[in-house]
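This briefing accompanies the sequence and structure shown below. It takes up the ligand site, then the strand pairings, and lastly some backbone details.

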Amino acid sequence: MMPVTWPSFSDIHPFAPVNQAQGYQEMFKNLGELLCTITGFDSFSLQPNAGAAGEYAGLMVIRAYHLARGDHHRNVCIIPVSAHGTNPASAAMCGMKIVTIGTDAKGNINIEDLRKAAESNKDNLSALMVTYPSTHGVYEEGIDEICKIIHDNGGQVYMDGANMNAQVGLTSPGWIGADVCHLNLHKTFCIPHGGGGPGMGPIGVKKHLAPFLPSHPVVPTGGIPSPDNSQPLGTISAAPWDASKIAILNANYMAKRLENYYPVLFRGVNGTVAHEFIIDLRSFKWPVPGTLMIEPTESESKAELDRFCDTLISIREEIAQIEKGKADINNNVLKGAPHPPSLLMGDAWTKPYSREYAAFPAPWLRTFKFWPTTGRVDNVYGDRNLVCTLLPASQVVEEQAACHGLVSSSMFLSLFLPQTYFNFPPRYNLMCI
Ligand SMILES: *Cc1c(COP(=O)(O)O)cnc(C)c1O
(Lines give C-alpha, C1' and ligand atoms only; values in the text may rest on other atoms or scores of the structure.)
Protein backbone atom coordinates (compact mmCIF):
# COMPACT_ATOMS: atom_id res chain seq x y z
CA MET A 1 0.00 0.00 0.00
CA MET A 2 2.93 2.35 0.55
CA PRO A 3 3.63 3.24 -3.11
CA VAL A 4 0.04 4.43 -3.39
CA THR A 5 0.94 7.24 -1.00
CA TRP A 6 4.02 8.46 -2.93
CA PRO A 7 3.31 11.89 -4.47
CA SER A 8 4.96 10.82 -7.73
CA PHE A 9 2.35 8.10 -7.88
CA SER A 10 -0.76 9.65 -6.39
CA ASP A 11 -0.58 13.29 -7.52
CA ILE A 12 -1.03 12.72 -11.22
CA HIS A 13 -4.09 14.29 -12.84
CA PRO A 14 -6.48 11.63 -14.16
CA PHE A 15 -6.46 13.29 -17.58
CA ALA A 16 -2.75 14.06 -17.80
CA PRO A 17 -1.64 13.58 -21.41
CA VAL A 18 -0.89 9.90 -21.95
CA ASN A 19 2.67 10.65 -23.06
CA GLN A 20 3.32 12.16 -19.62
CA ALA A 21 2.05 9.11 -17.82
CA GLN A 22 3.97 6.31 -19.48
CA GLY A 23 4.59 4.52 -16.20
CA TYR A 24 0.88 4.32 -15.58
CA GLN A 25 0.30 3.08 -19.13
CA GLU A 26 2.82 0.31 -18.54
CA MET A 27 1.09 -0.73 -15.31
CA PHE A 28 -2.33 -0.78 -16.99
CA LYS A 29 -0.97 -2.89 -19.82
CA ASN A 30 0.74 -5.33 -17.47
CA LEU A 31 -2.30 -5.62 -15.24
CA GLY A 32 -4.60 -6.22 -18.22
CA GLU A 33 -2.29 -8.93 -19.55
CA LEU A 34 -2.07 -10.64 -16.17
CA LEU A 35 -5.83 -10.58 -15.78
CA CYS A 36 -6.22 -12.08 -19.27
CA THR A 37 -3.93 -14.92 -18.28
CA ILE A 38 -5.71 -15.56 -15.00
CA THR A 39 -9.21 -15.47 -16.48
CA GLY A 40 -8.67 -17.06 -19.88
CA PHE A 41 -10.05 -13.98 -21.62
CA ASP A 42 -8.63 -12.11 -24.60
CA SER A 43 -9.09 -8.52 -23.58
CA PHE A 44 -9.72 -6.44 -20.47
CA SER A 45 -11.18 -3.05 -19.71
CA LEU A 46 -9.99 -1.45 -16.49
CA GLN A 47 -12.64 1.25 -16.46
CA PRO A 48 -15.37 -0.04 -14.09
CA ASN A 49 -14.78 1.05 -10.50
CA ALA A 50 -16.78 -1.64 -8.70
CA GLY A 51 -18.21 -5.07 -9.27
CA ALA A 52 -21.63 -3.61 -9.95
CA ALA A 53 -20.14 -1.12 -12.42
CA GLY A 54 -18.44 -4.08 -14.12
CA GLU A 55 -21.77 -5.86 -14.44
CA TYR A 56 -23.27 -2.81 -16.05
CA ALA A 57 -20.31 -2.39 -18.41
CA GLY A 58 -20.30 -6.09 -19.30
CA LEU A 59 -24.01 -6.19 -20.08
CA MET A 60 -23.63 -3.04 -22.19
CA VAL A 61 -20.86 -4.81 -24.14
CA ILE A 62 -23.21 -7.75 -24.76
CA ARG A 63 -25.92 -5.33 -25.81
CA ALA A 64 -23.57 -3.54 -28.21
CA TYR A 65 -22.55 -6.92 -29.67
CA HIS A 66 -26.16 -7.90 -30.36
CA LEU A 67 -26.93 -4.46 -31.83
CA ALA A 68 -23.91 -4.68 -34.14
CA ARG A 69 -25.26 -7.98 -35.49
CA GLY A 70 -28.68 -6.45 -36.10
CA ASP A 71 -30.23 -8.31 -33.18
CA HIS A 72 -31.96 -5.24 -31.78
CA HIS A 73 -34.65 -7.34 -30.17
CA ARG A 74 -32.32 -9.42 -27.96
CA ASN A 75 -33.07 -7.97 -24.52
CA VAL A 76 -33.95 -10.91 -22.23
CA CYS A 77 -31.56 -11.53 -19.36
CA ILE A 78 -31.91 -14.79 -17.39
CA ILE A 79 -30.87 -14.53 -13.74
CA PRO A 80 -31.10 -17.27 -11.09
CA VAL A 81 -32.92 -16.35 -7.86
CA SER A 82 -29.70 -17.00 -5.95
CA ALA A 83 -27.86 -14.13 -7.72
CA HIS A 84 -26.32 -11.18 -5.90
CA GLY A 85 -28.76 -8.25 -5.77
CA THR A 86 -26.60 -6.16 -8.07
CA ASN A 87 -27.22 -8.60 -10.98
CA PRO A 88 -30.89 -7.84 -11.60
CA ALA A 89 -30.24 -4.17 -10.79
CA SER A 90 -27.56 -3.97 -13.51
CA ALA A 91 -29.72 -5.79 -16.04
CA ALA A 92 -32.58 -3.39 -15.32
CA MET A 93 -30.24 -0.42 -15.81
CA CYS A 94 -29.31 -1.82 -19.22
CA GLY A 95 -32.98 -1.88 -20.16
CA MET A 96 -33.13 -5.68 -20.18
CA LYS A 97 -36.15 -7.81 -19.44
CA ILE A 98 -35.33 -10.06 -16.49
CA VAL A 99 -36.43 -13.70 -16.43
CA THR A 100 -35.69 -15.45 -13.13
CA ILE A 101 -35.01 -19.15 -12.74
CA GLY A 102 -35.00 -21.28 -9.61
CA THR A 103 -32.35 -23.30 -7.80
CA ASP A 104 -32.63 -26.92 -6.69
CA ALA A 105 -32.52 -28.25 -3.13
CA LYS A 106 -28.71 -28.25 -3.23
CA GLY A 107 -28.51 -24.59 -4.21
CA ASN A 108 -27.54 -25.30 -7.82
CA ILE A 109 -29.22 -23.69 -10.81
CA ASN A 110 -32.21 -25.75 -11.87
CA ILE A 111 -30.94 -26.74 -15.32
CA GLU A 112 -34.32 -27.85 -16.66
CA ASP A 113 -35.78 -24.51 -15.57
CA LEU A 114 -32.91 -22.79 -17.34
CA ARG A 115 -33.36 -24.82 -20.52
CA LYS A 116 -37.06 -23.98 -20.61
CA ALA A 117 -36.40 -20.27 -20.01
CA ALA A 118 -33.68 -20.18 -22.70
CA GLU A 119 -35.74 -22.07 -25.28
CA SER A 120 -38.93 -20.14 -24.74
CA ASN A 121 -36.98 -16.85 -25.04
CA LYS A 122 -34.77 -18.14 -27.87
CA ASP A 123 -35.57 -15.29 -30.25
CA ASN A 124 -34.98 -12.52 -27.74
CA LEU A 125 -32.34 -14.00 -25.47
CA SER A 126 -29.53 -11.58 -24.71
CA ALA A 127 -27.64 -13.01 -21.74
CA LEU A 128 -27.45 -15.20 -18.67
CA MET A 129 -25.90 -13.82 -15.49
CA VAL A 130 -24.32 -16.62 -13.49
CA THR A 131 -22.12 -16.62 -10.39
CA TYR A 132 -19.45 -19.30 -10.12
CA PRO A 133 -18.88 -20.76 -7.61
CA SER A 134 -22.44 -19.97 -6.63
CA THR A 135 -23.45 -17.66 -3.79
CA HIS A 136 -24.23 -20.83 -1.84
CA GLY A 137 -20.54 -21.72 -1.92
CA VAL A 138 -20.82 -24.65 -4.33
CA TYR A 139 -19.00 -25.38 -7.60
CA GLU A 140 -21.98 -25.82 -9.87
CA GLU A 141 -21.61 -29.24 -11.51
CA GLY A 142 -23.60 -28.26 -14.58
CA ILE A 143 -21.76 -25.04 -15.44
CA ASP A 144 -20.53 -26.31 -18.85
CA GLU A 145 -24.00 -27.38 -19.82
CA ILE A 146 -25.47 -24.11 -18.54
CA CYS A 147 -23.14 -22.08 -20.79
CA LYS A 148 -23.89 -24.35 -23.76
CA ILE A 149 -27.66 -23.98 -23.36
CA ILE A 150 -27.33 -20.20 -23.42
CA HIS A 151 -25.04 -20.18 -26.47
CA ASP A 152 -27.27 -22.64 -28.35
CA ASN A 153 -30.15 -20.23 -27.89
CA GLY A 154 -28.29 -17.16 -29.14
CA GLY A 155 -27.34 -15.66 -25.78
CA GLN A 156 -24.08 -14.60 -24.18
CA VAL A 157 -22.87 -15.73 -20.75
CA TYR A 158 -22.07 -13.04 -18.20
CA MET A 159 -20.18 -14.50 -15.28
CA ASP A 160 -20.25 -12.63 -11.99
CA GLY A 161 -16.62 -13.07 -10.98
CA ALA A 162 -16.94 -11.84 -7.39
CA ASN A 163 -16.07 -15.34 -6.21
CA MET A 164 -12.97 -15.49 -8.42
CA ASN A 165 -10.76 -16.21 -5.39
CA ALA A 166 -12.13 -19.76 -5.56
CA GLN A 167 -11.01 -20.13 -9.21
CA VAL A 168 -7.59 -18.51 -9.58
CA GLY A 169 -5.04 -21.02 -10.79
CA LEU A 170 -7.58 -23.87 -10.67
CA THR A 171 -10.00 -23.01 -13.45
CA SER A 172 -11.10 -19.80 -15.19
CA PRO A 173 -14.22 -18.07 -16.50
CA GLY A 174 -12.89 -18.13 -20.06
CA TRP A 175 -12.16 -21.84 -19.87
CA ILE A 176 -15.56 -22.64 -18.40
CA GLY A 177 -17.33 -20.91 -21.27
CA ALA A 178 -18.20 -17.40 -20.10
CA ASP A 179 -18.06 -14.59 -22.67
CA VAL A 180 -17.59 -11.72 -20.25
CA CYS A 181 -16.90 -11.47 -16.54
CA HIS A 182 -16.05 -8.81 -13.98
CA LEU A 183 -13.46 -9.25 -11.28
CA ASN A 184 -13.65 -7.54 -7.91
CA LEU A 185 -9.99 -6.67 -7.47
CA HIS A 186 -10.87 -5.24 -4.06
CA LYS A 187 -12.10 -8.70 -3.06
CA THR A 188 -10.10 -11.33 -4.92
CA PHE A 189 -6.80 -9.52 -5.20
CA CYS A 190 -6.92 -7.65 -1.92
CA ILE A 191 -6.26 -4.17 -3.37
CA PRO A 192 -6.76 -1.51 -0.70
CA HIS A 193 -10.37 -0.42 -0.45
CA GLY A 194 -10.85 0.77 3.09
CA GLY A 195 -13.40 3.43 3.85
CA GLY A 196 -15.52 2.97 0.77
CA GLY A 197 -13.05 3.09 -2.05
CA PRO A 198 -11.37 2.72 -4.41
CA GLY A 199 -12.94 -0.47 -5.68
CA MET A 200 -12.03 -1.92 -9.03
CA GLY A 201 -14.23 -4.16 -11.15
CA PRO A 202 -12.46 -4.64 -14.50
CA ILE A 203 -14.18 -6.80 -17.08
CA GLY A 204 -12.62 -9.42 -19.27
CA VAL A 205 -14.09 -10.60 -22.57
CA LYS A 206 -13.59 -13.20 -25.27
CA LYS A 207 -12.22 -12.01 -28.62
CA HIS A 208 -15.60 -11.56 -30.30
CA LEU A 209 -16.62 -9.01 -27.65
CA ALA A 210 -13.30 -7.13 -27.50
CA PRO A 211 -14.21 -4.47 -30.09
CA PHE A 212 -17.17 -3.51 -27.91
CA LEU A 213 -15.24 -2.78 -24.73
CA PRO A 214 -15.77 0.70 -23.31
CA SER A 215 -13.55 3.57 -24.37
CA HIS A 216 -13.31 7.13 -23.06
CA PRO A 217 -13.79 10.43 -24.82
CA VAL A 218 -10.70 12.05 -23.26
CA VAL A 219 -8.33 9.10 -23.07
CA PRO A 220 -9.38 6.35 -25.49
CA THR A 221 -8.95 3.01 -23.77
CA GLY A 222 -10.62 0.09 -25.50
CA GLY A 223 -9.59 -3.44 -24.74
CA ILE A 224 -6.11 -4.51 -23.86
CA PRO A 225 -4.87 -7.24 -26.20
CA SER A 226 -4.09 -10.58 -24.63
CA PRO A 227 -0.47 -11.56 -24.18
CA ASP A 228 1.09 -14.10 -26.50
CA ASN A 229 0.25 -17.40 -24.84
CA SER A 230 3.68 -18.74 -25.69
CA GLN A 231 5.22 -16.32 -23.18
CA PRO A 232 4.59 -17.59 -19.68
CA LEU A 233 4.40 -14.90 -17.05
CA GLY A 234 6.76 -16.54 -14.64
CA THR A 235 6.11 -16.36 -10.94
CA ILE A 236 3.78 -13.41 -11.01
CA SER A 237 0.68 -15.54 -11.40
CA ALA A 238 1.86 -18.00 -8.74
CA ALA A 239 0.78 -15.91 -5.74
CA PRO A 240 -2.93 -15.80 -6.60
CA TRP A 241 -2.88 -19.59 -6.84
CA ASP A 242 -2.17 -19.69 -3.15
CA ALA A 243 -4.95 -17.22 -2.41
CA SER A 244 -7.50 -19.55 -4.02
CA LYS A 245 -6.28 -22.75 -2.50
CA ILE A 246 -5.98 -21.26 0.96
CA ALA A 247 -9.41 -19.59 0.79
CA ILE A 248 -10.97 -22.94 -0.15
CA LEU A 249 -8.95 -24.83 2.46
CA ASN A 250 -9.94 -22.34 5.18
CA ALA A 251 -13.65 -22.59 4.36
CA ASN A 252 -13.52 -26.39 4.34
CA TYR A 253 -11.53 -26.47 7.58
CA MET A 254 -14.19 -24.34 9.28
CA ALA A 255 -17.10 -26.27 7.74
CA LYS A 256 -15.52 -29.50 9.06
CA ARG A 257 -14.99 -28.08 12.54
CA LEU A 258 -18.55 -26.78 12.76
CA GLU A 259 -20.49 -29.59 11.08
CA ASN A 260 -21.09 -31.53 14.30
CA TYR A 261 -22.58 -28.45 15.92
CA TYR A 262 -24.52 -26.77 13.12
CA PRO A 263 -25.96 -28.23 9.89
CA VAL A 264 -23.90 -27.06 6.88
CA LEU A 265 -26.21 -26.34 3.94
CA PHE A 266 -25.20 -27.01 0.33
CA ARG A 267 -22.07 -28.97 -0.50
CA GLY A 268 -20.55 -30.22 -3.72
CA VAL A 269 -20.83 -33.87 -4.76
CA ASN A 270 -17.68 -34.84 -2.84
CA GLY A 271 -18.97 -33.29 0.39
CA THR A 272 -16.71 -30.25 0.29
CA VAL A 273 -17.55 -26.56 -0.06
CA ALA A 274 -15.91 -23.82 -2.13
CA HIS A 275 -14.60 -20.61 -0.54
CA GLU A 276 -17.63 -20.00 1.69
CA PHE A 277 -20.45 -22.01 3.30
CA ILE A 278 -23.76 -21.56 5.02
CA ILE A 279 -24.73 -22.89 8.44
CA ASP A 280 -28.37 -23.42 9.26
CA LEU A 281 -29.76 -21.61 12.31
CA ARG A 282 -33.42 -22.01 11.46
CA SER A 283 -33.98 -24.45 14.30
CA PHE A 284 -32.95 -21.78 16.84
CA LYS A 285 -34.57 -18.51 17.73
CA TRP A 286 -31.56 -16.41 16.73
CA PRO A 287 -30.93 -12.71 16.32
CA VAL A 288 -29.88 -13.36 12.72
CA PRO A 289 -32.84 -14.97 11.00
CA GLY A 290 -32.37 -18.16 9.06
CA THR A 291 -28.81 -18.92 8.12
CA LEU A 292 -25.29 -17.59 8.46
CA MET A 293 -22.87 -17.32 5.52
CA ILE A 294 -19.23 -17.87 6.52
CA GLU A 295 -16.49 -16.71 4.12
CA PRO A 296 -13.11 -16.84 5.85
CA THR A 297 -10.99 -15.84 2.76
CA GLU A 298 -7.29 -16.62 2.59
CA SER A 299 -6.15 -13.82 4.86
CA GLU A 300 -6.91 -15.13 8.36
CA SER A 301 -4.51 -17.23 10.41
CA LYS A 302 -5.48 -20.67 11.67
CA ALA A 303 -5.60 -19.25 15.21
CA GLU A 304 -8.20 -16.72 14.07
CA LEU A 305 -10.26 -19.37 12.25
CA ASP A 306 -10.16 -21.48 15.42
CA ARG A 307 -11.18 -18.52 17.57
CA PHE A 308 -14.24 -18.07 15.36
CA CYS A 309 -15.11 -21.79 15.39
CA ASP A 310 -14.56 -22.06 19.16
CA THR A 311 -16.93 -19.15 19.68
CA LEU A 312 -19.67 -20.70 17.56
CA ILE A 313 -19.17 -24.06 19.27
CA SER A 314 -19.37 -22.48 22.72
CA ILE A 315 -22.56 -20.62 21.74
CA ARG A 316 -23.98 -23.97 20.62
CA GLU A 317 -23.07 -25.38 24.04
CA GLU A 318 -24.93 -22.48 25.69
CA ILE A 319 -27.97 -23.35 23.58
CA ALA A 320 -27.61 -27.01 24.64
CA GLN A 321 -27.69 -25.98 28.31
CA ILE A 322 -31.12 -24.46 27.68
CA GLU A 323 -32.26 -27.52 25.68
CA LYS A 324 -31.26 -29.78 28.60
CA GLY A 325 -33.07 -27.59 31.11
CA LYS A 326 -29.81 -26.68 32.86
CA ALA A 327 -30.23 -22.99 32.07
CA ASP A 328 -33.40 -20.95 32.43
CA ILE A 329 -35.12 -20.41 29.10
CA ASN A 330 -35.71 -16.70 29.74
CA ASN A 331 -32.82 -15.74 31.98
CA ASN A 332 -29.61 -17.15 30.55
CA VAL A 333 -26.21 -16.02 29.29
CA LEU A 334 -27.34 -15.89 25.66
CA LYS A 335 -30.25 -13.59 26.42
CA GLY A 336 -28.09 -11.52 28.78
CA ALA A 337 -25.23 -10.96 26.31
CA PRO A 338 -23.54 -8.65 25.62
CA HIS A 339 -22.53 -7.75 29.19
CA PRO A 340 -21.08 -4.22 29.36
CA PRO A 341 -18.59 -3.23 32.09
CA SER A 342 -21.24 -1.09 33.80
CA LEU A 343 -23.19 -4.26 34.50
CA LEU A 344 -20.27 -6.58 35.22
CA MET A 345 -18.64 -4.17 37.65
CA GLY A 346 -21.79 -3.20 39.53
CA ASP A 347 -22.01 -4.27 43.16
CA ALA A 348 -25.18 -6.23 42.56
CA TRP A 349 -25.13 -9.36 40.38
CA THR A 350 -28.46 -11.13 40.18
CA LYS A 351 -27.99 -13.32 37.11
CA PRO A 352 -28.29 -17.12 37.50
CA TYR A 353 -24.88 -17.59 35.77
CA SER A 354 -21.50 -16.45 37.00
CA ARG A 355 -20.20 -12.95 36.48
CA GLU A 356 -16.89 -14.43 35.37
CA TYR A 357 -18.48 -16.53 32.63
CA ALA A 358 -20.48 -13.53 31.45
CA ALA A 359 -17.24 -11.54 31.07
CA PHE A 360 -14.89 -14.29 29.84
CA PRO A 361 -16.78 -17.14 28.16
CA ALA A 362 -13.54 -18.09 26.34
CA PRO A 363 -10.00 -18.09 27.80
CA TRP A 364 -8.48 -15.86 25.10
CA LEU A 365 -10.86 -13.07 26.11
CA ARG A 366 -8.63 -12.50 29.13
CA THR A 367 -5.85 -11.21 26.90
CA PHE A 368 -7.98 -9.44 24.34
CA LYS A 369 -11.59 -8.47 24.74
CA PHE A 370 -13.68 -5.91 22.97
CA TRP A 371 -15.80 -4.41 25.74
CA PRO A 372 -19.30 -3.55 24.60
CA THR A 373 -20.46 -0.13 25.75
CA THR A 374 -24.07 -1.13 26.07
CA GLY A 375 -26.24 -4.17 26.78
CA ARG A 376 -28.67 -5.50 24.24
CA VAL A 377 -30.73 -2.85 22.50
CA ASP A 378 -34.42 -3.43 22.07
CA ASN A 379 -34.50 -2.84 18.33
CA VAL A 380 -38.22 -3.37 17.96
CA TYR A 381 -38.93 -0.79 20.66
CA GLY A 382 -36.51 1.60 18.99
CA ASP A 383 -38.12 1.12 15.59
CA ARG A 384 -41.54 1.93 16.99
CA ASN A 385 -40.53 4.82 19.25
CA LEU A 386 -38.40 7.23 17.26
CA VAL A 387 -36.80 9.87 19.44
CA CYS A 388 -35.51 13.09 17.93
CA THR A 389 -32.93 14.58 20.29
CA LEU A 390 -32.66 17.94 18.52
CA LEU A 391 -33.95 21.15 19.96
CA PRO A 392 -37.07 22.35 18.17
CA ALA A 393 -36.20 24.38 15.08
CA SER A 394 -37.30 27.64 16.76
CA GLN A 395 -34.51 27.26 19.32
CA VAL A 396 -31.80 26.35 16.84
CA VAL A 397 -30.67 29.68 15.45
CA GLU A 398 -27.23 29.38 13.89
CA GLU A 399 -27.25 25.73 13.11
CA GLN A 400 -30.46 25.65 11.18
CA ALA A 401 -28.69 25.02 7.89
CA ALA A 402 -27.18 21.82 9.23
CA CYS A 403 -30.46 20.67 10.73
CA HIS A 404 -31.49 18.15 8.08
CA GLY A 405 -28.28 16.17 8.40
CA LEU A 406 -28.51 16.23 12.16
CA VAL A 407 -32.07 15.00 12.27
CA SER A 408 -31.25 11.94 10.29
CA SER A 409 -28.03 11.21 12.17
CA SER A 410 -29.63 11.50 15.59
CA MET A 411 -32.58 9.42 14.43
CA PHE A 412 -30.13 6.79 13.38
CA LEU A 413 -28.44 6.83 16.76
CA SER A 414 -31.77 6.78 18.57
CA LEU A 415 -32.53 3.51 16.89
CA PHE A 416 -29.34 1.81 17.90
CA LEU A 417 -28.38 3.20 21.29
CA PRO A 418 -30.36 3.42 24.51
CA GLN A 419 -31.89 6.77 25.30
CA THR A 420 -29.51 7.48 28.16
CA TYR A 421 -26.87 8.11 25.53
CA PHE A 422 -28.73 11.12 24.24
CA ASN A 423 -27.64 13.90 26.49
CA PHE A 424 -25.10 15.02 23.93
CA PRO A 425 -25.44 18.25 21.99
CA PRO A 426 -26.48 17.61 18.38
CA ARG A 427 -23.05 18.43 16.99
CA TYR A 428 -21.61 15.55 18.97
CA ASN A 429 -24.13 13.18 17.48
CA LEU A 430 -22.98 14.18 14.06
CA MET A 431 -19.38 13.47 15.00
CA CYS A 432 -20.40 10.00 16.17
CA ILE A 433 -21.64 9.20 12.70
C1 LIG B 1 -19.59 -7.99 -4.05
C2 LIG B 1 -20.37 -8.64 -5.10
C3 LIG B 1 -20.87 -7.90 -6.19
C4 LIG B 1 -20.77 -6.42 -6.29
O5 LIG B 1 -19.48 -5.93 -6.22
P6 LIG B 1 -19.20 -4.42 -5.74
O7 LIG B 1 -17.75 -4.22 -5.98
O8 LIG B 1 -19.58 -4.39 -4.28
O9 LIG B 1 -20.06 -3.52 -6.56
C10 LIG B 1 -21.54 -8.59 -7.19
N11 LIG B 1 -21.74 -9.91 -7.12
C12 LIG B 1 -21.30 -10.65 -6.08
C13 LIG B 1 -21.55 -12.14 -6.09
C14 LIG B 1 -20.60 -10.04 -5.03
O15 LIG B 1 -20.17 -10.77 -4.01
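In this predicted model, the shell around the ligand consists of Ala50, Gly51, Ala52, Glu55, His84, Thr86, Asp160, Ala162, Asn184, His186 and Lys187. By class, these residues comprise three nonpolar, five polar and three charged. Helix α4 (51-68) and helix α9 (185-188) each contribute at least two residues to the shell, and α4 provides the largest share, with three residues.

- A polar backbone atom of alanine 52 is 2.8 Å from an oxygen atom of the ligand.
- The side chain of aspartate 160 places an N or O atom 2.6 Å from a nitrogen atom of the ligand.
- An oxygen atom of the ligand lies 2.9 Å from a polar side-chain atom of asparagine 184.
- On its own the ligand has 380 Å² of accessible area, of which the protein covers 80%.

**Aspartate 160**

- Aspartate 160 belongs to strand β5 (residues 156-161).
- Aspartate 160 counts as buried because its relative accessibility is 3%, under the 20% cut-off.
- In sequence, aspartate 160 and glycine 54 are 106 residues apart, while their C-alpha atoms are 9.0 Å apart in space.

**Asparagine 184**

- Asparagine 184 sits in the loop between β6 (180-183) and α9.
- With a relative accessible area of 4%, asparagine 184 is therefore also classed as buried.
- Besides its contact with the ligand, the side chain of asparagine 184 makes a polar contact of 2.8 Å with the side chain of histidine 182.

- Strands β2 (residues 76-80) and β3 (residues 97-101) run parallel and are joined by five bridges.
- Within this pairing, isoleucine 78 stands opposite valine 99 of β3.
- Together with helix α5 (residues 86-93), strands β2 and β3 make a β-α-β unit that is right-handed.

**The antiparallel sheet**

- Strands of a sheet pair through backbone hydrogen bonds, in either a parallel or an antiparallel sense.
- An open sheet of three strands has the order β9-β10-β11, with antiparallel pairing.
- Strands β9 and β11 (291-294) are the edge strands, each pairing on one side only.
- Four bridges link β10 and β11 in the antiparallel sense.
- Phenylalanine 277 has isoleucine 294 in β11 as its bridge partner.

**Backbone details**

- Most peptide bonds are trans, and most residues other than glycine have a negative phi.
- The peptide bond from tyrosine 132 to proline 133 is cis, with omega near -15°; proline 133 lies in the loop between β4 (125-131) and α7 (143-152).
- A cis peptide bond also runs from alanine 337 to proline 338, with omega near -5°; the loop that holds proline 338 is between α12 (333-336) and α13 (341-344).
- Phenylalanine 266, although not a glycine, has a positive phi of about 60°.
- Phenylalanine 266 is located in the loop between β9 (264-265) and β10 (277-280), two strands of the open sheet with the order β9-β10-β11.

Definitions and conventions. Residues are numbered from 1 along each chain as its sequence is written. This is a predicted model: local features need pLDDT of at least 70, side-chain atom pairs count only at pLDDT 80 or more; totals for chains, interfaces and linings use all residues. Side-chain values use heavy atoms; hydrogens and water are left out. A residue is near a molecule or strand if one of its heavy atoms lies within 4 Å of it. A polar contact is a pair of N or O atoms within 3.5 Å; within protein, one must be able to donate a hydrogen and the other to accept it, and residues adjacent in sequence count only if both atoms are side-chain atoms. Accessible areas come from the Shrake-Rupley method with a 1.4 Å probe; for residues, only the protein chains shown count as cover. Ala, Val, Leu, Ile, Met, Phe, Trp, Tyr, Cys and Pro count as nonpolar, Asp, Glu, Lys and Arg as charged, and the others, Gly among them, as polar. Two strands pair if DSSP finds at least two bridges between them. A crossover is right-handed if, with the strands pointing away from the viewer, the path from the first strand over the helix to the second runs clockwise. Buried means under 20% relative accessible area, exposed over 50%, partly exposed in between (1.4 Å probe, protein chains only).
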